[in-house]
Amino acid sequence: MRLLILAKESKAQTELRISLTEDGFDCSVASFGEKVPELLSKHNPDLLLVEAVNPGSPGWDLITTIKRESSLPVIALVAGELPDDVPGYLEVDDFLISPYDVRELRVRIQRLLNKSEKAGELIKA
């Protein structure tokens with residue numbers, strides 16, 4: 001399964017990519033500067049992990065844009081606490097508050113991928 005990680009380049013992001021790759025995921029990394037359609041076309045991910053540091057950040061804006069244009073599952077990686085008034089919150093399929101346990105992230109990724117596959121099978125039937 002293909003994952004796209006949208007985040008600022010950092011040691012934590014690199015470690016996350018390595019860990020998920022070792023678990024058998026095909027991981028690509030991109031920055032917030034790329035345009036959404038080109039980003040999705042270039043990487044063709046099955047799931048998107050977005051570093052959403054705070055409301056109004058490029059991560060939150062990107063989540064809203066992506067969910068308007070596709071049914072791609074999105075997990076937001078949120079720093080600190082998740083505010084109640086975040087506009088993109090309802091658009092997120094799942095989220096984790098940093099620091100998070102990579103094992104929990106793996107479970108959430110697999111759950112969303114399984115859910116997405118089942119939805120695709122229902123649409124084809």
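## After helix 1

Just past helix 1, G24 adopts a positive phi of about 100°. Helices here are DSSP runs of H or I with at least four residues, strands are runs of E with at least two, and both are numbered from the N terminus.

This is a predicted model, in which local features need pLDDT of at least 70, side-chain atom pairs count only at pLDDT 80 or more, and totals for chains, interfaces and linings use all residues. Residues are numbered from 1 along each chain as its sequence is written, and side-chain values use heavy atoms, with hydrogens and water left out.

Helix 1 covers residues 11–22, which is 12 residues. At 1.5 Å a residue, it should span 16 Å. The expected span is 1.5 Å times one less than the number of residues. The end C-alpha atoms are 17 Å apart, which agrees.

Which residues of helix 1 are buried? They are Q13, L16, S19 and L20. They cover an arc of only 125° around the axis, so they sit on the same side of helix 1. The arc is taken from the directions from the helix axis to the C-beta atoms. On the other side, K11 and E22 are exposed. Buried means under 20% relative accessible area, exposed means over 50%, and partly exposed lies in between (1.4 Å probe, protein chains only).

S19 counts as buried because its relative accessibility is 14%. Leaving aside neighbours within four places in sequence, S19 is in contact (heavy atoms within 4.5 Å) with V102 and R106.

## Salt bridges across the chain

The structure holds seven salt bridges. Each is a side-chain nitrogen of Lys or Arg within 4 Å of a carboxyl oxygen of Asp or Glu.

One of them joins K67 and D93, with the closest N and O atoms 2.8 Å apart. This pair links distant parts of the chain, 26 residues apart. K67 lies in helix 3 (residues 58–69), and D93 in the loop between strand 4 (74–79) and strand 5 (94–98). K67 is buried at 16% relative accessibility, while D93 is partly exposed at 34%.

D94 lies in strand 5 and R111 in helix 4 (residues 102–124), so the pair ties together parts 17 residues apart in sequence. D94 is buried at 11%; R111 is partly exposed at 40%.

R108 and E104 meet in a salt bridge of 2.5 Å, N to O. Both lie in helix 4, four residues apart, about one turn of the helix. Salt bridges link D94, E104, R108 and R111 in a network.
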